[in-house]
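Subject: Structure handover

Hello,

Here is the structure I promised to pass on. Please open it first, then read my notes below.

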Amino acid sequence: MVRIFALMTSRNVTRALVIVAGFHAAVAVAGERWRGTVDYARADQAIAAVYARIDFEKDGKSTLNIAQIGVRDASLRDVRRSASQLSFNFTYQGRIAAVAATRDGDHLSGTWEVNGVARPLRFERVQADADAAWTRSWGGLYEDEDGGAVLLTPASWVLTAHDLSTRQVTTFFPRSRDALFAGPGYLDPAPETARMRLKETTSTRGIELDWQGRQRVLKPSTRIIAEPVRFASGDVALAGLVIRPASSSKPVPGVVVMPGSGRQTRFGQYGLPHHRAVTLARSGMAALIFDKRGTGESTGRYEDLKLATMTADAAAAANFLAAHTGVDRNRVGLLVHSQSGIYAPSTVRLAPHLAFVAALSTTVVNGEIQEVMRTEMQMRADGWPQGDIDDAVATQILKFHYANHRIGWDAYVAAYHRVAKRDWFPDIIGSTIDPNRHSWDFWRDGNRYDPAEEWKKVNIPVLAIWAEHDTISPVTLSAKALAGAFPGERAALLKVIIKPGLDHNLFESKTGGTLEENRVQRMSSYMDHVLDWLKERGVLP
């Protein structure tokens, strides 16, 4: 089956949705899945890939999930299938999408139609029973005989690949237990543009890779090692990896690599913490990455994460790494990204031995200002009209008014219902009207916290890197606020770099909007700036 989808908006924008579909027929088994793209029109913007999943159960029921647009366990209707054909209907926000597709082996192609407009879709078959344990067993750094290196990062049942030489990035989807394929972008699997085969014997393992017009064989790197670790933060046990050089004659500097917001494990969104940690380890450092509390192998509840607990966990990680065998405790610092940069100065206060902070795409304003500005910046980058932007911003302001003061609930609920059915709502706002949700306390705490005031108390070197097309962190305001925290002689502690042509995650980007985020193809050279700065500061030789 393939799946679909569609939400048509009255505007003309092309948007591709990454989808996963299950094809249930005489030629398929229950649970078979597909990944692909469908063109979705909305404004005159670049196509974006939105992750989606379709599963067929043994009872014939099929469900669709597209989290980014708020579709969860939606049922497909009027499914008709044969050995080579598939069609079905799907209702979303009162609209009917009609899908018709043809199967050719592992490939599925056809159209979906909404409101009389038909647009193409493309899918590739993926392995149904791949699991996180399988992908995790293949995660790590691989090198070829010419010195090239590819980092594979497990993400659920797929593998994200970073070519450390060309900085290309993509996601490999399993076709079988030992054969995977990838498309042209991070989560853009159709059409197939790359293949990988996993090779393993009783004594060796490696990968055969056909990607970027090159065929090569890579073997696990012997230059770095990844050591599983556990450490305490109060009554919570946090689990992660210390990634470090395989051999060193003397203690090496250390760095705790922190992710951004959300339920992120040690490997993080896009594999970014993993990529950063491996890059630092290849340069002679010991890098710690860990699962946030309540995720992965860490204990505790994710719902308990507030600024205070996130700060405590980061400080516990810094203290653990400083005491780790082979680490020079006088050269331990933080590499933070986005949300973790907000509480980085508070972490320095709790772990005063820290020697430096490198902050990527962080925010130096309070939570309400950041979220309201994010709403406008992302919608403007995605081409939404001013009326929609105004409505979204007004809803966010009412939301934070209630979070801050616990008054104005009825006004917020009314605004919520006015915009909840609009196409941009799940991407841009996505909050609920549950008054008992723990997020209300989280938002209130964030609004009472002023990062700029905390940075004024930091007396160690700080590197801040922002991106021109960041639509999440307000770059101009944040850079100005951070500079204001280091006046006079303290200015020598601070270095600020604003990189052109990049998005919030420091991928090469044209707009930085949500329409691009899953079709990125190339990482920038920002880690070179981090390494150069560490050398300038004497952390690295």
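How many helices and strands does the protein chain have? The chain has 13 helices and 26 strands. Please keep in mind that this is a predicted model.

**Overall**

The protein chain has 541 residues, and 57% of them are buried. Take the contacts between residues at least 6 apart in sequence: 63% of these join residues at least 24 apart. The exposed surface comes to about 21300 Å². Carbon and sulfur atoms supply 49% of that area.

**Cores**

The largest nonpolar core holds 50 residues. Which of them touch the most other members? They are V256, L288, L354, V357, W455, L482 and F486. Helix α3, residues 307-322, gives the most to this core, with 9 residues.

W455 deserves a look of its own. Setting aside neighbours within four places in sequence, W455 is in contact with G341, A344, P345, V357, V364, V462, L482, A485, F486 and R490.

K457 sits in the loop between α11 (451-455) and β25 (462-467). Is K457 buried or exposed? K457 counts as exposed because its relative accessible area is 52%, and the cut-off is over 50%. In sequence, K457 and P345 are 112 residues apart. In space, their C-alpha atoms are 7.5 Å apart.

**Cavities**

The structure holds 2 cavities of 30 Å³ or more. The largest cavity has about 70 Å³ of space. Which residues line the largest cavity? The lining is M258, P259, F290, K292, L305, M310, D313 and Y343. By type, the lining divides into 6 nonpolar, no polar and 2 charged residues.

H162 lies in strand β13, residues 158-163. H162 is buried, because its relative accessible area is 1% and the cut-off is under 20%. Beyond its neighbours within four places in sequence, H162 is in contact with A149, V150, L151, Q168, V169, Y270, G271, H275 and M523.

Y270 is in the loop between β21 (252-257) and α2 (272-282). With a relative accessible area of 4%, Y270 is buried. Its backbone is worth checking: Y270 has a positive phi of about 60° although it is not a glycine.

**Other backbone points**

Most residues other than glycine have a negative phi, and most peptide bonds are trans. So what is the phi of R167? R167 has a positive phi of about 70°, and it is not a glycine. R167 lies in the loop between β13 and β14 (169-174). R167 is partly exposed, with a relative accessible area of 24%.

The peptide bond from A190 to P191 is cis, with omega near 0°. Where does P191 lie? P191 is in the loop between β15 (179-182) and β16 (194-200).

Best wishes

Terms used:
Residues are numbered from 1 along each chain as its sequence is written. This is a predicted model: local features need pLDDT of at least 70, side-chain atom pairs count only at pLDDT 80 or more; totals for chains, interfaces and linings use all residues. Side-chain values use heavy atoms; hydrogens and water are left out. On a 1 Å grid over the protein atoms alone, a cavity is a set of points where a 1.4 Å probe fits but cannot get out, and a pocket is an open set with protein on both sides within 12 Å along at least five of seven lines; lining residues have an atom within 4 Å of a point. Grid points are joined across faces, edges and corners, and a volume is the space filled by probe spheres set on the points. Ala, Val, Leu, Ile, Met, Phe, Trp, Tyr, Cys and Pro count as nonpolar, Asp, Glu, Lys and Arg as charged, and the others, Gly among them, as polar. A nonpolar core is a set of buried Ala, Val, Leu, Ile, Met, Phe, Trp, Tyr and Cys residues joined through side-chain atoms within 4.5 Å. Buried means under 20% relative accessible area, exposed over 50%, partly exposed in between (1.4 Å probe, protein chains only). Helices (H or I, at least four residues) and strands (E, at least two) are DSSP runs, numbered from the N terminus. Contact means heavy atoms within 4.5 Å. Accessible areas come from the Shrake-Rupley method with a 1.4 Å probe; for residues, only the protein chains shown count as cover.
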